Amino acid sequence: MTEPQISIRDLCVDYITDAGDVRAVNNVSFDIGKGEVFGLAGESGCGKSTVAFSLMRLHKPPAYISHGEIFFDGHGDLLKKSDDAMSRFRWKEVSMVFQSAMNALNPVLTMEEQFCDVIMRHTSFTRDQAKRRAEGLLEIVDIHPSRLSDYPHQFSGGMRQRLVIAIALALNPKMIIMDEPTTALDVVVQREILQKIYALKEEFGFSILFITHDLSLMVEFSDRIGIMYAGELIEVAPSKQILTTPFHPYTEGLGSSFPPLTGPKTKLTGIPGSPLNLFDIPKGCRFQARCGKTQPSCFTQQTELKLIEPGRLSNCHLFTAQSIKG
Ligand SMILES: Nc1ncnc2c1ncn2[C@@H]1O[C@H](COP(=O)(O)OP(=O)(O)OP(=O)(O)O)[C@@H](O)[C@H]1O
Ligand SMILES: [Mg+2]
């Protein structure tokens with residue numbers, strides 16, 4: 001990994017609910033290098049979006065960050081910044097393409113108004129300068145600048161997605177969070193957009209936190225992948241290795257839930273059981289009830305993400321931490 005752009009340490013996020021507090025993200029730590037694409041995967045409800053929102057401090061009650069540190073290159077701990085400092089930081093340093101990007105555009109404003117609003121709020125640009133910047137951004141995502149006067153409904157779904165990406169690029173951020181950026185699109189458009197994002201990343205050098213349910217797309221477009229289960233990060237590995245040699249039985253199960261891109265057809269087995277109820281966390285490993293490889297320690301000993309091999313982390317009890325010799 002290159003020098004870290006962001007370092008997340010022991011992040012915990014809780015939701016206050018009528019049934020009591022629930023910890024949706026528990027002690028999550030990872031780094032994203034400068035210019036790196038880091039994929040975050042795991043089944044629905046495991047906490048991916050909650051982590052993503054934390055990096056921009058976008059949580060609103062009932063969610064709150066109860067513990068942790070988020071160091072962003074040159075900015076110190078984001079969790080210690082004032083709200084004002086954080087609103088100056090957002091979009092300029094880190095921007096986000098939301099999970100519901102298709103609905104992220106305001107239907108009653110033209111694209112020009114929406115672009116100029118973001119640009120002028122964070123820079124000292126005049127309206128004319130902001131408009132010229134917006135025209136340049138449209139060109140970057142292959143939409144003719146004359147379309148700036150159109151409303152969102154006048155664009156196709158794929159174009160709207162590219163508009164949202166263009167807005168995320170507006171202030172040349174150092175990192176972009178993409179939470180399911182292409183889920184609602186057909187597979188051909190999806191791939192085109194991801195290729196475009198990848199080319200832009202190569203050109204501008206930003207880092208990406210990439211969240212998707214599509215593991216094969218994630219393997220293709222990410223440098224490293226982190227797997228989450230029930231609010232915890234359970235494995236981190238280079239993307240090429242995560243499905244070929246998984247170090248956690250859950251990752252193995254995820255891999256066997258997806259057809260391989262190449263080679264002969266295989267039987268898809270998936271993962272038995274259902275996601276953990278966060279109100280009823282067992283002692284020991286959170287995956288124990290669904291794991292076919294448990295040993296006694298899995299029911300008694302707390303798990304911890306540990307270095308197993310250079311560049312490879314897992315919290316599974318089946319692996320012991322690498323003894324790092326000085
Ligand atoms: N407003 C809320 N109140 C209470 N619990 C919440 C709230 N929002 C999310 N949660 C809980 O937090 C957990 C993590 O949710 P999150 O949206 O981060 O999951 P996710 O991994 O992004 O899922 P998906 O893949 O479906 O987008 C879930 O168990 C969810 O039920
Ligand atoms: Mg989500």
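Strand S8 (207-211) is mostly covered in this predicted model, with 5 of its 5 residues buried. Buried denotes a relative accessible area under 20%, exposed over 50%, and partly exposed the range in between, computed with a 1.4 Å probe on protein chains only. Helices (H or I, at least four residues) and strands (E, at least two) are DSSP runs numbered from the N terminus. Both faces of S8 are covered: Ser207, Leu209 and Ile211 are buried on one side, and Ile208 and Phe210 on the other. In a regular strand the side chains alternate between the two faces of the sheet.

The model is predicted, so local features need pLDDT of at least 70 and side-chain atom pairs count only at pLDDT 80 or more, whereas totals for chains, interfaces and linings use all residues. Residues are numbered from 1 along each chain as its sequence is written, chains are lettered from A and ligands numbered from 1 in the order in which they are written, and side-chain values use heavy atoms, with hydrogens and water left out.

Two strands are taken to pair if DSSP finds at least two bridges between them. S8 pairs with strand S3 (residues 37-41) in the parallel sense over 4 bridges, and glycine 39 stands opposite phenylalanine 210 of S8. S8 also pairs with S7 in the parallel sense, over 5 bridges; here isoleucine 208 of S8 is the bridge partner of isoleucine 176. S7 in turn pairs with S6 in the parallel sense over 4 bridges, with valine 97 opposite methionine 178 of S7. In S6, Val94 and Met96 point one way and Ser95 and Val97 the other, and all are buried.

Helix H5 (residues 157-169) comprises 13 residues. The distance from its first C-alpha to its last is 19 Å, close to the 18 Å expected at 1.5 Å a residue, where the expected span is 1.5 Å times one less than the number of residues. H5 is mostly covered, 10 of its 13 residues being buried. The buried positions are Gly158, Met159, Gln161, Leu163, Val164, Ile165, Ala166, Ile167, Ala168 and Leu169. These buried residues pack against strands S6 (94-97) and S7 (175-179) and against helices H3 (111-122), H4 (127-140) and H6, contact being defined as heavy atoms within 4.5 Å.

Glutamate 112 is placed in helix H3. At a relative accessible area of 17%, glutamate 112 counts as buried. Apart from neighbours within four places in sequence, glutamate 112 is in contact with Arg127, Lys131 and Leu148.

A search of the whole structure finds 3 cavities of 30 Å³ or more. On a 1 Å grid over the protein atoms alone, a cavity is a set of points where a 1.4 Å probe fits but cannot get out, and lining residues have an atom within 4 Å of a point. Grid points are joined across faces, edges and corners, and a volume is the space filled by probe spheres set on the points. The largest cavity holds about 80 Å³ of space. Its lining has 13 residues, of which Cys285, Cys291, Cys298, Cys316 and His317 are the closest to the centre. By class, this lining has 7 nonpolar, 5 polar and 1 charged residues; Ala, Val, Leu, Ile, Met, Phe, Trp, Tyr, Cys and Pro count as nonpolar, Asp, Glu, Lys and Arg as charged, and the others, Gly among them, as polar.

The second largest cavity holds about 60 Å³ of space. Val37, Met178, Leu194, Ile197, Tyr198, Ile208, Phe210 and Phe221 line the second largest cavity. Helix H6 (187-204) and strand S8 are the elements that give two or more residues to this lining, and the largest share, 3 residues, comes from H6. The lining of the second largest cavity divides into 8 nonpolar, no polar and no charged residues.

Several backbone features fall in loops. A cis peptide bond with omega of about 15° joins proline 61 and proline 62, and proline 62 lies in the loop between helix H1 (48-55) and strand S4 (63-72). Aspartate 142, in the loop between H4 and H5, has a phi near 60°, a positive value in a residue other than glycine. With a relative accessibility of 52%, aspartate 142 counts as exposed. Asparagine 172, in the loop between H5 and S7, has a positive phi of about 50° although it is not a glycine.

How values were computed: On a 1 Å grid over the protein atoms alone, a cavity is a set of points where a 1.4 Å probe fits but cannot get out, and a pocket is an open set with protein on both sides within 12 Å along at least five of seven lines; lining residues have an atom within 4 Å of a point.
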